[in-house]
Amino acid sequence: MSTLTLKNIRKSFGDVHIIKGIELDIQSGEFVVFVGPSGCGKSTLLRMISGLETTSSGIISIRDRDVTHVPPARRGIAMVFQSYALFPHMSVADNITFGLRLAHAGKDEITKKLAEVADILQLTPLLDRRPKQLSGGQRQRVAIGRAIIRNPDVFLFDEPLSNLDAALRVQMRLEIASLHQRLKATMIYVTHDQVEAMTLADRIVVLNEGRIEQVGAPIDLYEHPANRFVAQFIGSPKMNFLAAKIDVVEGRQMAVADGMAMQLSDEVPAQPGEDITVGIRPESLAIGGEGRQICQARIAVVERLGSETIAYAGVDGQEELLSIKLPANPQVRPGDLVPVTMIGQRVHVFGRDGISIRSQI
Amino acid sequence: MEKDKTLWRVAMLIPPLAVFGILVVWPLFSSFYYSITNWNGFSADYRYVGFDNFLQIFHDPLFTRAAVNTVIWMLAAVIVPTGLGLVLALLIDSQVPGASVFKSIFYLPICLSAIVVGQIWVWIYQPDWGLLNTAISLVTGGNSHFAWLAKPGTALYAVIAAWSWQQTGLAMVIFLAGLTAIPADLIEVCHIEGASSGQRIRQVVLPLLRPATVVVVALGLINSLKGFDILYIMTGGGPFNSSDTLAMHMYNESFKKYHMGYGSAISVVLFLIALAIIFAYFRQLRKVDEIYE
Ligand SMILES: Nc1ncnc2c1ncn2[C@@H]1O[C@H](COP(=O)(O)OP(=O)(O)OP(=O)(O)O)[C@@H](O)[C@H]1O
Ligand SMILES: [Mg+2]
């Protein structure tokens with residue numbers, strides 16, 4: 001059953017079109033993550049779903065009810081803000097039960113629900129404190145508590161972890177994941193952190209300039225990006241793009257460029273001589289070893305991260321440095337001229353318009 | 001070099017300190033001194049009278065009346081502009097049409113001196129052709145010639161109205177600034193949680209406006225303590241001392257009746273009241289700081 005349906009949703013501020021026709025169907029219990037570059041309209045879209053922002057045209061339905069013009073409180077949503085948005089003059093308990101108290105819920109009901117929520121989020125010892133006396137992670141848990149107690153049809157999160165430091169972010173990410181499993185609730189989560197997107201999402205919605213570029217399971221987006229935009233947005237370090245041409249050598253289709261030749265394992269529907277872009281993930285490349293050599297490259301920078309090393313290497317005729325993911329501590333130094341090889345056959349071919357011609361495995 | 005700078009700093013500080021010393025500190029201590037003498041304001045012949053002046057205060061019916069009026073004056077001069085200012089700020093903030101025009105209009109009176117405001121309202125209250133009586137005549141169809149400032153029952157309140165008219169703008173802009181300082185997402189939480197506008201204002205906006213309120217009330221208190229000029233212009237404390245405040249009473253005793261010693265004693269009492277208010281104010285400020293930071 002679908003919980004949330006967006007039909008041709010649009011939003012403009014004056015003459016500026018921000019959301020340019022979004023179609024999306026979200027199933028009950030799904031965890032959907034909106035990702036995209038800054039300013040692409042993620043927050044705007046989320047706020048339109050919440051009702052905090054009006055919708056210029058299109059229809060938003062929650063549980064098959066048209067809520068396009070329903071005020072936020074009666075849409076069956078709850079929202080968690082990046083800034084936590086806790087009331088500084090209220091205790092944790094009062095913050096969490098704010099909505100119940102507004103609705104004049106009974107004392108027993110409030111106490112019971114508060115105890116449940118506080119238990120889920122381990123906030124019980126903190127209920128009497130003011131937000132100011134809490135750490136960032138605790139504050140965000142209070143904000144999540146305020147959302148849970150509403151028992152909404154859809155949870156909306158707008159970059160809830162961006163204000164936390166790296167370690168806490170990982171911990172809270174896990175907590176949100178287990179919360180989702182426990183509540184089996186529908187959640188929409190906005191982030192620009194693609195690790196959060198990959199780890200949390202059942203499905204990722206990649207947005208760019210107010211349009212959906214691709215929707216799919218994290219692994220689908222990683223393995224079958226529909227276009228260059230998605231390909232470079234999902235995965236870290238980002239995918240390498242090499243300018244090349246299609247050629248046929250001894251009856252086999254190849255991608256060729258200066259000093260570089262790659263055999264394409266499957267035929268792609270492209271004519272010899274056609275300009276293409278080849279996309280190769282850094283983790284599909286190696287230096288030397290057993291893979292097929294595709295080119296020579298000169299190492300420019302080596303970043304040693306401990307568990308892995310990223311080498312950036314220049315290839316003649318290519319504008320961008322090639323990034324190559326290497327094991328922990330390889331013997332490479334800047335200045336070395338090295339043979340770059342392919343491990344596996346994961347090559348993505350994009351046409352001149354940036355659309356994937358066919359991704360190959 | 002460092003020493004040069006120090007000299008320079010001292011040199012720059014001397015003029016303002018001198019002015020402050022001559023116009024504030026010196027008179028302050030002289031009034032302490034004169035409050036225990038029977039000086040008449042000009043004669044060189046005066047003597048020490050101990051606490052007689054202060055004791056006299058208890059037997060002075062005019063003092064009691066002025067003290068009562070001062071309390072009424074201060075309460076009204078704080079509550080009315082604060083309340084009206086808050087209501088106006090909330091209305092303007094809720095984007096009623098023409099909000100920014102109203103904002104300027106309401107703020108305008110604060111730019112006028114109390115003397116000008118006083119004179120404007122003297123005309124408004126004028127019995128024969130004043131705006132107020134004319135308006136009342138028009139509405140009731142009668143012929144109103146009420147002398148608002150000349151009747152003991154209305155004089156003080158008429159001045160309070162004029163004062164509030166001027167001070168409301170100040171309260172309004174401070175509240176508006178306070179409203180702008182409330183994070184937008186807190187208001188959005190109210191929308192999501194389904195707060196009515198009444199609930200939003202009572203449970204969220206007003207508590208978060210507490211810092212602004214402390215400032216408005218403190219300024220109101222301090223301004224009302226200083227609010228002598230408008231009374232002086234509009235009623236001079238009359239009729240029959242009905243609109244006397246302590247400041248007015250002190251002025252009359254010192255400069256009209258030439259009881260400079262007694263007047264000084266009243267000024268010392270006023271000074272202590274002001275001091276107490278300022279202390280209370282700072283304590284309140286600290287409490288606010290504890291909640292918001
Ligand atoms: N109230 C508004 N009036 C005019 N333009 C707006 C308004 N709100 C947002 N925008 C514009 O809409 C675009 C999308 O903004 P939005 O906040 O949705 O981006 P975002 O994807 O959430 O970005 P970020 O990752 O930085 O949070 C931006 O260009 C922004 O300037
Ligand atoms: Mg955003």
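A note on the model. This is a predicted model, in which local features need pLDDT of at least 70, side-chain atom pairs count only at pLDDT 80 or more, and totals for chains, interfaces and linings use all residues. Residues are numbered from 1 along each chain as its sequence is written, chains are lettered from A and ligands numbered from 1 in the order in which they are written, and side-chain values use heavy atoms, with hydrogens and water left out.

Back to the interface. Chain B and chain A bury about 1,900 Å² between them, with 65% from carbon and sulfur atoms; buried area is the accessible area (1.4 Å probe) that two parts lose on being put together, summed over both. On the chain B side, B:Glu188, B:Ile192 and B:Glu193 lose the most area to chain A, together 35% of what that side buries.

The rule finds 2 salt bridges across this interface, a salt bridge being a side-chain nitrogen of Lys or Arg within 4 Å of a carboxyl oxygen of Asp or Glu. A:Arg47 forms a salt bridge with B:Glu188, and their closest N and O atoms are 2.9 Å apart.

Now chain A itself. Its domain assignment gives domain 1 (2-232) and domain 2 (238-357); such bounds come from an automatic or database domain assignment. The centres of the two domains, taken over C-alpha atoms, are 38 Å apart. In chain A, 9 residues of domain 1 are in contact with 12 residues of domain 2.

Terms used: Contact = heavy atoms within 4.5 Å.
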